[in-house]
Every structure is written in C-alpha cells, then in structure tokens.
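User: I am new to reading protein models. Could you take me through a few parts of this one?

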Amino acid sequence: MPELPEVERGRRIAEGAALGRRITSLRCARDNRVFREHSTRCFRHALLGATVVAVNRWGKQLWFELDRTPHPLFHFGMTGAFHVRGVTPLQLKAGPVEEPCRWPPRFAKLRLGFEDDGELVLVDARRFARVLLRDSPRSETPLCRLGFDPLHDLPAPAVFTAAIRARRATLKSVLLDQTFVAGIGNWLADEIAFQSRINPRRPACNLTVAECNRIRKTLKHVVETAVLKNADDTQYPIAWLYHHRWGRTHGARTSKGDPIEFTEVAGRTTAWVPQRQR
C-alpha cells in the first residue's frame with residue numbers, strides 16, 4: 001500500500017502535470033467503489049473548467065486546490081497511482097507492472113485532460129482508491145481526523161513524548177494509527193521500530209523518555225530520507241530493514257546478518273530483529 005513517501009511522489013507527479021492548468025476534459029470509469037460518494041455528473045460539474053492552483057498532501061491523503069469549490073480529494077488505497085504520459089509510473093512491491101508505452105494505462109479510473117493537451121490519470125487495479133469532493137478538505141472528513149504529518153507538522157520532543165506515552169497500545173499499533181501520525185503504514189512502522197532498536201510489541205505507555213526521543217528522531221529521518229529518494233526503494237540505504245522484510249522469507253537476515261523474525265502485531269505482518277530490538 002502506498003505510504004507517505006509514495007503518496008508524496010504521486011503529489012509531485014500530479015503537481016508537474018496539473019499545477020496552473022485548466023481542466024478541459026474528464027473521464028470517469030463506472031466504478032462505484034472508487035467513486036462511492038459522487039456521480040460522474042458531479043465530478044464533471046465540479047472539475048471541468050476549473051484551474052488547479054495547488055496540489056497538497058497530508059499523510060496518505062492528496063488533494064487539488066482549485067480556483068473554485070469543491071476540490072477533489074484522492075486516496076490511493078492499495079495499488080493506486082498517478083500516471084502521466086512519458087513519466088515512469090511508481091511500481092509497488094505488489095501490483096501489476098504497467099507497460100511503459102500503453103496509453104491510456106490499464107485500470108484507469110479518472111482521466112483529467114488539460115488545456116495544454118497534457119493528461120493525468122489515476123489508475124487502480126484493486127479498486128481500493130477513493131476520489132471525493134470536499135469544499136474545505138483540511139476541515140472535513142477524512143482529513144480532519146488525521147494526526148500530525150511527519151514532514152509538515154512533527155511535534156516538539158516533549159509534546160511527542162507525552163502523546164505517545166499516553167497510549168496503551170503497542171508501539172506498532174500507535175505508529176499505524178492515522179489519528180496519531182498520518183502517513184505511516186506497515187513498512188515504515190517496521191523500519192522506524194527497527195532503527196529505533198525497540199520491540200514493536202512494547203506498550204507505548206512503558207517507553208522511556210529517551211526511547212520516545214529516539215523514535216521521534218528515527219521517524220523524522222526515515223520519512224525524510226524516503227521522500228528525498230522520491231520513494232525509489234533502490235536508493236534506500238543498504239542497512240535498512242526494508243530490503244529484507246518482504247515475503248516472510250525463511251532465514252531472512254539483515255545486511256549485518258541478524259535473523260529477522262515475522263510475527264503479527266496490530267493485525268499486520270511485522271518484521272523485526274530480536275537481537276537488536278528490545
């Protein structure tokens with residue numbers, strides 16, 4: 001599932017294609033799961049003729065600020081992504097690989113055409129993406145329920161420590177809780193716990209101040225590094241757990257040779273290293 005770095009990459013792709021341009025054409029797939037709240041007619045009325053003045057992101061949510069209301073709000077779900085002709089699409093660990101020369105791409109759900117003949121396409125093979133319309137995205141659901149964004153709104157150390165120690169759930173559960181921190185998914189939560197050297201099953205309320213500070217510092221570092229690399233996992237540091245955590249491979253080890261164990265925490269498959277994480 002796309003997490004904060006992948007969605008930020010999508011935001012940059014959309015910004016390059018749409019910012020400052022007027023929407024002149026729109027095609028919606030007949031999919032009442034992706035477009036569960038609004039009809040094609042609603043989207044055509046809302047978007048056609050509007051100009052994109054900003055492309056914003058908070059956590060895993062992404063929206064276009066238009067020169068009029070309402071504004072379109074996007075969530076990529078499990079396999080959603082933006083495609084632009086001539087731009088290599090983001091390929092996730094799980095999901096179909098798109099033929100680079102095929103246009104329009106398969107599984108297109110929304111196609112936005114612009115006055116300069118450019119086109120931005122939302123694709124989603126598994127149909128968990130969502131496209132909504134909101135008059136004030138930041139103050140309406142789902143954004144108003146989200147916690148801080150690590151890139152835009154990381155709390156000060158004392159505030160972060162008090163907030164995380166107020167939770168009785170496991171560290172992994174807290175990191176996955178979008179009402180606490182927006183944008184962290186399964187791989188990021190495992191990476192943060194690994195680099196913080198903390199067992200993901202530890203109750204958050206039992207963490208020390210020093211451990212909380214370490215988690216905050218690691219959270220900031222991992223997210224900023226992944227965003228700096230434009231969510232290109234081939235560019236992530238070789239020491240990251242990320243490179244060894246997929247597929248629950250028997251005998252998996254870190255780059256230093258430490259055994260990786262796989263268990264379930266917070267209802268999610270969790271990779272961790274008992275020799276390192278206490």
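This is a predicted model: local features need pLDDT of at least 70, side-chain atom pairs count only at pLDDT 80 or more; totals for chains, interfaces and linings use all residues.

User: What distance does helix H6 reach from its first C-alpha to its last?

Analyst: H6 covers residues 209-228, which makes 20 residues. At 1.5 Å a residue, the expected figure is 28 Å. The model comes close to that, with a reach of 28 Å.

User: How are H3 and H6 placed relative to each other, roughly parallel or roughly perpendicular?

Analyst: Two packed helices are described by the angle and the distance between their axes. For H3 and H6 the angle is about 110 degrees, and the axes are 9 Å apart. Angles of 65 to 115 degrees count as roughly perpendicular. H3 and H6 are therefore roughly perpendicular.

User: How many residues of the contact of H3 with H6 are nonpolar?

Analyst: On the H3 side, the residues that meet H6 include Phe160 and Ile164, and those they meet in H6 include Cys212 and Leu219. In this contact, two residues are polar and two are charged, while the nonpolar ones number seven.

User: Is Thr51 buried or exposed?

Analyst: Thr51 is in the loop between helix H2 (40-47) and strand S2 (52-58). Beyond its neighbours within four places in sequence, Thr51 is in contact with residues including Arg21 and Leu66. Its relative accessible area is 18%, and the cut-off for buried is under 20%. Thr51 is therefore buried.

How values were computed: Residues are numbered from 1 along each chain as its sequence is written. Side-chain values use heavy atoms; hydrogens and water are left out. Helices (H or I, at least four residues) and strands (E, at least two) are DSSP runs, numbered from the N terminus. The expected span of a helix is 1.5 Å times one less than its number of residues. Axes are lines fitted to C-alpha atoms, for helices over the stretch in contact, and angles run from 0 to 180 degrees between N-to-C directions. Angles under 35 degrees count as roughly parallel, over 145 as roughly antiparallel, 65 to 115 as roughly perpendicular and the rest as oblique. Contact means heavy atoms within 4.5 Å. Ala, Val, Leu, Ile, Met, Phe, Trp, Tyr, Cys and Pro count as nonpolar, Asp, Glu, Lys and Arg as charged, and the others, Gly among them, as polar. Buried means under 20% relative accessible area, exposed over 50%, partly exposed in between (1.4 Å probe, protein chains only).
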